[in-house]
Amino acid sequence: MGFMDVRMLLIEALRNRRYEYEEREDLEEKNLLAANRVTPGFVIQLLWRCSGPEYESRKHHLYPHLLYHVFKPVLDGERWYVKAYLVSTRAVFISVHR
């Protein structure tokens, strides 16, 4: 799966409310979606703004059989960071922050 495929799957998961969050200690700072400080629509906007060079994928450090996807779009002069992985038709968001 490439950049455009992953981006579309994450957008579809957000639109259809098929997403969850990975637990972490610094959730309030590092996952603004989980903290209800940004909306799913805002994250969709970030994903649409992202271009291929602003995307990468890596093996998850806790679950090496999973790839996580990192999007680093710029919106209004600020670099954002969206990190998520897919499990079946669900998205799991690890990070959404500036």
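Student: Which residue is the bridge partner of Glu 56 in β3?

Tutor: In this predicted model, Glu 56 has Val 70 of β3 as its bridge partner.

Student: How many bridges join strand β2 to β3, and do they run parallel or antiparallel?

Tutor: Strand β2, residues 55-59, is joined to β3 by five bridges, and the two run antiparallel.

Student: And what joins β3 to β6?

Tutor: Four bridges do, again with an antiparallel run. Tyr 68 stands opposite Tyr 85 of β6.

Student: Why is β3 described as largely enclosed?

Tutor: Four of its five residues are buried, so the rest of the structure largely encloses β3.

Student: In what order do the strands form the sheet?

Tutor: The sheet is open and has five strands, ordered β1-β7-β6-β3-β2, with mixed pairing. From one strand to the next, the twist averages 30°.

Student: In which sense do β1 and β7 pair?

Tutor: They pair in the parallel sense, over three bridges. Phe 93 in β7 is the bridge partner of Tyr 21.

Student: Turning to the helices, what does α1 touch on the sheet?

Tutor: α1 packs on the sheet and touches β1, β2, β3, β6 and β7. The direction of α1 makes about 90° with that of β3.

Student: Which residues of α3 are buried?

Tutor: In α3, residues 40-49, the buried ones are Pro 40, Val 43, Ile 44, Leu 46 and Leu 47. Viewed down the axis of α3, they fall within an arc of 160°, so they line one face of the helix.

Student: What covers them?

Tutor: The cover includes α1, β1, β3, β4, β6 and β7.

Technical notes. Residues are numbered from 1 along each chain as its sequence is written. This is a predicted model: local features need pLDDT of at least 70, side-chain atom pairs count only at pLDDT 80 or more; totals for chains, interfaces and linings use all residues. Side-chain values use heavy atoms; hydrogens and water are left out. Buried means under 20% relative accessible area, exposed over 50%, partly exposed in between (1.4 Å probe, protein chains only). The arc is that of the directions from the helix axis to the C-beta atoms. Contact means heavy atoms within 4.5 Å. Two strands pair if DSSP finds at least two bridges between them. Axes are lines fitted to C-alpha atoms, for helices over the stretch in contact, and angles run from 0 to 180 degrees between N-to-C directions.
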